Amino acid sequence: MDQGTLVMIGVIALVVFVILLLIRAAGSRRTPRLRPLAAEARERYVSDWDDLEAKFVDAPEQTVREAEALVMSMLRERGHPLTERDLPSEMQRARKLGYSSRGDRTEGMRQALLHYRALMERMMGSTDDLRRQQRRREMA
């Protein structure tokens, strides 16, 4: 083989290697390292969430928007990267359901609220766990 062919094979191998590295990097989305919430912040978020759920029947669209804002606020406080691609899957599903105009819009908003709730619970522990902890502290 002549020198030109060897250079061409080397360049092709380098390009393939770089492409493989880029594919691997794109596929390995790491879970961000999040700061824990302070007890006061957890209690505030639980209280705010309870207020939101109570308003859903009267104003579902507004409630879904406020739920998204509350979840984003909690993620921001925990240090989550808020880029669209890094948002948790529950958040992405909730956005699609909450703003879709197909079919029963209220049902989509209800499903969106459930996804936001699941994300809230996953990110700070179940609200039932928090309430149990509060009751234990009150009893002690």
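Predicted model: local features only at pLDDT ≥ 70, side-chain atom pairs only at ≥ 80, totals over all residues.
Student: How many helices and strands does the protein chain have?

Tutor: The protein chain has 6 helices and 0 strands, and from the N terminus on its elements run α-α-α-α-α-α. Helices here are DSSP runs of H or I with at least four residues, strands are runs of E with at least two, and both are numbered from the N terminus.

Student: Which residues is Ala112 in contact with?

Tutor: Contact means heavy atoms within 4.5 Å. Leaving aside neighbours within four places in sequence, Ala112 is in contact with Val64, Ala94, Leu97 and Gly98. Ala112 and Val64 are 48 residues apart along the chain, yet their C-alpha atoms are separated by 7.1 Å.

Student: What makes a set of residues a nonpolar core, and which members touch the most others in the largest one?

Tutor: A nonpolar core is a set of buried Ala, Val, Leu, Ile, Met, Phe, Trp, Tyr and Cys residues joined through side-chain atoms within 4.5 Å. The largest one has 25 residues, of which Tyr45, Trp49, Tyr116 and Met120 touch the most other members. Helices α2 (39–55), α3 (60–78), α4 (89–99) and α5 (105–124) each supply at least two residues of this core, and the largest share, 8 residues, comes from α5. Apart from neighbours within four places in sequence, Tyr116 is in contact with Trp49, Val64, Ala67, Glu68, Val71, Met91, Ala94 and Arg95.

Student: How do you know on which side of α4 its buried residues lie?

Tutor: The buried residues of α4 are Glu90, Met91, Ala94 and Gly98. They cover an arc of only 95° around the axis, which puts them on the same side of α4; the arc is that of the directions from the helix axis to the C-beta atoms. These buried residues of α4 pack against α3 and α5.

Student: Why is the pair Glu66 and Lys55 called a salt bridge?

Tutor: A salt bridge is a side-chain nitrogen of Lys or Arg within 4 Å of a carboxyl oxygen of Asp or Glu. In Glu66 and Lys55 the closest N and O atoms are 2.5 Å apart, so the pair meets that cut-off. Glu66 lies in helix α3 and Lys55 in helix α2, so the pair ties together parts that are 11 residues apart in sequence. Glu66 counts as partly exposed at 26% relative accessibility, and Lys55 likewise counts as partly exposed at 33%. By this rule the count comes to 11 salt bridges.

Student: What separates Glu121 and Arg117 in helix α5?

Tutor: Being 4 residues apart in helix α5, Glu121 and Arg117 are separated by about one helical turn. Their side chains meet in a salt bridge at 3.2 Å, N to O, and Glu53, Arg117 and Glu121 are linked in a network of salt bridges.

Student: What makes the residues from Val7 to Ile23 a patch, and why is Met8 called exposed?

Tutor: Patches are made of residues with over 30% relative accessible area and no salt bridge, where like charges are joined within 9 Å and nonpolar side chains (Val, Leu, Ile, Met, Phe, Trp, Tyr) within 5 Å. Val7, Met8, Val11, Ile12, Val15, Val16, Ile19, Leu20 and Ile23 form such a nonpolar patch on the surface, with about 820 Å² of accessible area together, the areas coming from the Shrake-Rupley method with a 1.4 Å probe, and for residues only the protein chains shown count as cover. Met8, which lies in helix α1 (residues 3–27), has 51% relative accessibility and therefore counts as exposed.

Conventions. Residues numbered from 1 in each chain as written. Heavy atoms only, no water. Buried < 20%, exposed > 50% of the residue type's maximum accessible area, 1.4 Å probe, protein only.
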